[in-house]
Amino acid sequence: MTTPIPAADTLEADLLAAVAAVDTLDALEAVRVSALGKKGRITGQMKRLGGLDPDARREAGQALNAVKDAVAAALEARKAELAQAALAARLEAERVDVSLPIRPRPVGRIHPISQTIDEMIAIFADMGFEVAEGPDIEDDFHNFTALNMPPEHPARQMHDTFYLPDAQDGTARVLRTHTSPVQVRTMVGGTPPIRVVCPGRTYRSDYDMTHTPMFHQIEGLVIDEATHMGHLKGCLVEFCRAFFGIDDLPLRFRPSFFPFTEPSAEVDIGCSRTGGELKLGNHGDWLEILGCGMVHPKVLEMCGIDSTRYQGFAFGMGIERPAMLKYGIPDLRTFFDADLRWLKHYGFLPLDMPSLARGLNA
Ligand code: DAH
């Protein structure tokens with residue numbers, strides 16, 4: 001006679017108690033190994049079945065299998081309970097109070113130039129314009145020649161150009177003197193209808209109270225089959241009124257000259273200058289703010305656009321001056337001083353993103 005198998009119900013009760021007693025997943029695993037592992041108690045008993053006579057083996061085998069199933073089920077159930085408890089504890093520990101206000105002092109300020117560019121883009125985007133960009137280092141063709149300013153053209157002299165060493169292939173390079181070369185790039189690289197605005201940095205060798213060697217411009221270009229001066233006028237009236245937030249701001253179109261437009265105009269907005277203070281609005285005085293015109297057929301042709309089929313308008317304006325007017329910034333040069341106190345005063349919070357839906361000046 002071999003040693004009898006210990007009572008299955010005692011073994012089961014022992015193991016179930018052990019399962020119920022653990023409260024970590026690691027301890028539970030230790031119990032599993034002690035019961036069902038290679039050297040576990042159930043496994044150990046199973047190994048002894050071979051020594052029993054057939055009837056006793058069958059009976060003890062069935063009893064052990066029942067213990068094994070019960071213990072395995074208890075292990076699974078306890079594991080699920082412990083995992084659930086661990087998750088609940090973690091959720092509790094990582095609880096986030098979504099009703100807390102955001103931090104009252106976000107880091108940094110948006111520079112008034114960036115803010116102004118974003119405002120201008122928001123207005124033009126609302127009219128269906130896309131944004132196009134070009135390089136600050138331009139070649140002679142895009143900055144001058146394609147804009148109907150061939151070499152030796154007198155208009156080139158007015159630009160106080162910063163010349164760079166020629167490129168390796170001999171092309172003359174400059175720091176772009178205006179954003180108009182982006183018109184050229186857009187027309188060369190695309191097909192009408194075209195409707196783009198091109199904001200960016202521009203450079204001229206000039207420095208005094210009202211000029212800095214680096215400044216910003218935004219250019220506009222619309223090319224289609226029947227675009228005319230009336231569209232140009234409507235677009236700019238709408239833009240100026242939205243930008244300055246003055247519904248009855250008067251605009252005056254004065255005949256002017258640019259090599260790349262024909263006819264050309266300069267646009268003034270209404271203002272008053274009484275008492276040395278500049279105020280925008282319908283007050284009888286005028287302030288020039290931008291240049292514009294119908295794109296010269298020669299420019300269209302140089303950019304690969306059929307001037308017998310297409311026509312359109314362009315405009316260009318500085319960004320600093322409108323920004324100074326709108327935000328009461330008295331000195332141009334402070335834009336580029338990188339003075340943090342100035343930026344704190346005139347800068348914008350990162351969340352103040354311009355959008356027409358909220359009202360630009362909100
Ligand atoms: N590029 C001109 C400048 O820098 C501004 C300008 C005038 C742009 C008329 C235009 C335009 O597109 O049509 O002075």
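Mentor: Ile42, Gln45 and Met46 in α3 meet Leu64, Asn65, Val67, Lys68 and Val71 in α4, where contact means heavy atoms within 4.5 Å. By class, this contact has five nonpolar, two polar and one charged residues; Ala, Val, Leu, Ile, Met, Phe, Trp, Tyr, Cys and Pro count as nonpolar, Asp, Glu, Lys and Arg as charged, and the others, Gly among them, as polar. The model is predicted: local features need pLDDT of at least 70, side-chain atom pairs count only at pLDDT 80 or more, and totals for chains, interfaces and linings use all residues. Residues are numbered from 1 along each chain as its sequence is written, and side-chain values use heavy atoms, with hydrogens and water left out.

The axes of α3 (residues 41–48) and α4 (residues 54–93) come within 10 Å and cross at roughly 165°. Therefore α3 is roughly antiparallel to α4 (an angle over 145 degrees). Axes are lines fitted to C-alpha atoms, for helices over the stretch in contact, and angles run from 0 to 180 degrees between N-to-C directions. Helices are DSSP runs (H or I, at least four residues), numbered from the N terminus.

Turning to the cores, the largest nonpolar core has 44 residues, of which Ile269 and Phe315 touch the most other members. Such a core is a set of buried Ala, Val, Leu, Ile, Met, Phe, Trp, Tyr and Cys residues joined through side-chain atoms within 4.5 Å; buried means under 20% relative accessible area (1.4 Å probe, protein chains only). The largest share of this core, eight residues, comes from α8.

Technical notes:
Helix = DSSP H or I, 4+ residues; strand = E, 2+ residues; numbered from the N terminus. Parallel < 35°, antiparallel > 145°, perpendicular 65-115°, else oblique. Buried < 20%, exposed > 50% of the residue type's maximum accessible area, 1.4 Å probe, protein only.
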